[in-house]
Amino acid sequence: MSLREFLFGKKEQEVDVPAEPAHENAWLSSNFTFRWVTRLKNWGITDKEYSKERHHKKTDDEAIFSLYKKLLVQHKNDMLVQQALYYELAMIDAELGRDPKPNLVLAQKNLLAHYHHSKNIRSVVIESNKDACASCKKLDGWVLTFSEVTKQHPLPNLKCMKKHGKKSFCRCIYGPMARIE
Ligand SMILES: [Zn+2]
């Protein structure tokens, strides 16, 4: 019997992290530990590493959180990976009923830093999801220079009415605006 079967039974279906709100119910309907351990495996964490971490922690939540912290250290020089990891930590927060904002802020910060390091990008544009709430839709298409973003930091939108789990969860992102030669 594999560890997965032992921990979660055979019936769980693997689901991807939802980029589209339409997939969110499928995501949230699977077992919390199952979906995040599956996700950790996608990031390269093995069953053995998970078992070891779980042995040292009181709960699955703590083991998952601690392995995410390890991944952040491991990928500290890749800002896009940092963005993705912080975004997933924000989802975990929201699913556990905690405020996702601090990790969403860190996700946005890493994405902006990534853009700032690429020579061709001179500003960013806010892109809201097609199922976004009215407040986020108002931000859609807003072009900002890097200094404007630093002063106003409009994302995550604190007025967002769309939820993930129990918490408001703004899914807007900064898109890159290429320099026109
Ligand atoms: Zn919103």
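In which helix is V149 found? V149 lies in α9 (residues 146-152), where helices (H or I, at least four residues) and strands (E, at least two) are DSSP runs numbered from the N terminus. The model is a predicted one, in which local features need pLDDT of at least 70 and side-chain atom pairs count only at pLDDT 80 or more, while totals for chains, interfaces and linings use all residues. Residue numbers start from 1 along each chain as its sequence is written.

View 1. V149 counts as buried because it has 20 C-beta neighbours inside 10 Å. A residue is buried if 20 or more other C-beta atoms lie within 10 Å of its own, exposed if 12 or fewer, and partly exposed in between, with C-beta atoms placed from the backbone. V149 touches L112, V124 and L144, leaving aside residues up to four places away in sequence; contact requires C-beta atoms, placed from the backbone, within 7 Å. S123 and V149 are 26 residues apart in sequence, and their C-alpha atoms are 9.0 Å apart in space.

**View 2. Helix α3 (residues 32-42) and its buried residues.** R35, W36, V37, R39 and L40 are the buried residues of α3. They pack against α2 (24-29), α4 (47-56), α5 (60-74) and α6 (79-95).

**View 3. Packing of α3 with α5.** The axes are 11 Å apart and the packing angle is about 20°; axes are lines fitted to C-alpha atoms, for helices over the stretch in contact, and angles run from 0 to 180 degrees between N-to-C directions. α3 is therefore roughly parallel to α5, a term for angles under 35 degrees. On the α3 side the contact is made by T33, W36, V37 and L40, and on the α5 side by D60, I64 and L67. By class, the contact has five nonpolar, one polar and one charged residues. Ala, Val, Leu, Ile, Met, Phe, Trp, Tyr, Cys and Pro count as nonpolar, Asp, Glu, Lys and Arg as charged, and the others, Gly among them, as polar.

**View 4. The largest nonpolar core, with 32 residues.** Such a core is a set of buried Ala, Val, Leu, Ile, Met, Phe, Trp, Tyr and Cys residues joined through C-beta atoms within 7 Å. I64, A90 and C170 touch the most other members. Two or more residues each come from α3, α5, α6, α7 (101-117) and β1 (121-127). The most come from α6, with eight residues. C170 touches L104, C136, L155, P156, N157 and C160, not counting residues up to four places away in sequence.

Technical notes: Contact = placed C-beta atoms within 7 Å. Parallel < 35°, antiparallel > 145°, perpendicular 65-115°, else oblique.
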